[in-house]
Amino acid sequence: MSLMLAIFAIFGWQPALAAAIQAVNVTPERITVQFDDYVDNASAFVLDDPYRIAIDVAGARAGSGVDGAGPIRAVRQGQYDPETARLVLDLARPAIFSNGSFAADGRSFTLDIQPVSRVRFASAADAGRARFLPPMAFRARPPRGRGELTVRLPRATPAGELELPEIQGPRGRPLVVIDAGHGGHDPGAISPYGNRHEKDATLAIALATRDALLASGRVRVALTRDDDRFLVLRERYEIARRLGGELFISIHADAAENRDASGATIYTLSEVASDRETARLASRENAADVINGVNLGGADDDVRSILIDLTQRETMNISARFASLLRREAGDTVPFRNDYHRFAGFAVLKAPDMPSILFESGYLTNSSDARRLFSRDGQRAIARGLADAIETHFARRTSSTD
């Protein structure tokens, strides 16, 4: 056992905010691993002496071991590293895996198990690791493919040290913070049509949306970035919170292996991710956090957790209503998917007291969407829809408080 695993075992460490392995179902022909949220990816490989199959799940938290069936004697689980859960299938006789796949909703992973000869098992053990990706819409983070360069990213800047962007617009107006996804050394998805980068489309749409809002004068605007720079995910919504943002919109563009996939999608925070974030916020060492203007420093853990939960539930409801509003206001100029509103645990959606959406403005891998995302007219059309929805959202809020 490595020193890292020994530390995990002694102190019962579990990775923060990773998806939990909820269940492992074993039959003589198949193993299915179920999760309570989306994971990054999975990989599997064969180990000899003794006979074993290992499954690594990136973005997951290990659960408990289970009994086996058929060639699988038992399944053990452990935390291989802070971001990876490992399942080890102890085999009663030589067996290999095949047909690894994620379910359509991204919440389970299945491997077929097949008994083989010792010779074939040895050959499989020499073959190395096989990798499997969930459906594009349910990947918690961009996949790490073979042949990619891994870059060590800087830690998020402490909230008190973040350089805050300029707020533009008439004083006293409500504030929307617009986040252009990716940037700097993180290009995001790359379109097969001209090898153009997601980070460039998102920045152009963010700038066009800012310009449309400032032209009307009804809303103040701040951009998390207005040039080609990199920001750690959590810095993005921390900037918005420190500015006092009343609405946060993170702009992205999607990609899929199926080039017929098209249309915009709006994501808001999922229930599971909300529960996990509430627990994280409630247990922070800095008990003086301010949520919705209320200082929680004097509250005990139970009261603090309840206050955060109530605030976040209301925030999620407002975010969902804004998703519907955006679909209505932008629907004439921006094609949307039929299932335009989805739920996810994206880091940029986790501000507890600020309505937030992640707007996938189209598919870079679809020729029609790519033309729209990288053309000036297309970007302005998307920006106009966003601006109309933002102004309507704040107008409704103002009328409801009068």
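**Salt bridges and buried residues**

Modeller: Asp 56 forms a salt bridge with Arg 129, with the closest N and O atoms 2.9 Å apart. Please note that this is a predicted model.

Biologist: Where do Asp 56 and Arg 129 lie in the chain?
Modeller: Asp 56 is in strand β4 (residues 52-58), while Arg 129 is in the loop between α2 (118-126) and β11 (130-132). The pair links distant parts of the chain, 73 residues apart.

Biologist: Is Asp 56 buried or exposed?
Modeller: Asp 56 counts as buried because its relative accessibility is 5%, under the 20% limit. Arg 129, at 30%, counts as partly exposed.

Biologist: Which residues does Thr 84 contact, leaving aside neighbours within four places in sequence?
Modeller: Asp 56 is one of them, and the others are Val 57, Ala 58, Ala 60, Gly 78 and Gln 79. Thr 84 itself belongs to strand β8 (residues 84-91) and is buried, with a relative accessible area of 12%.

Biologist: Back to charges: how many salt bridges are there in the whole structure?
Modeller: The search finds 15. One of them joins the side chains of Arg 218 and Glu 391 at 3.3 Å, N to O. Arg 218 lies in the loop between α3 (198-216) and β13 (220-223) and Glu 391 in helix α8 (residues 376-401), so the pair ties together parts 173 residues apart in sequence.

Biologist: Which residues are linked with Arg 218 and Glu 391 in a network of salt bridges?
Modeller: Arg 384 and Asp 388 are linked with them in that network.

Note on methods. Residues numbered from 1 in each chain as written. Predicted model: local features only at pLDDT ≥ 70, side-chain atom pairs only at ≥ 80, totals over all residues. Heavy atoms only, no water. Helix = DSSP H or I, 4+ residues; strand = E, 2+ residues; numbered from the N terminus. Buried < 20%, exposed > 50% of the residue type's maximum accessible area, 1.4 Å probe, protein only. Contact = heavy atoms within 4.5 Å. Salt bridge = Lys/Arg side-chain N within 4 Å of Asp/Glu carboxyl O.
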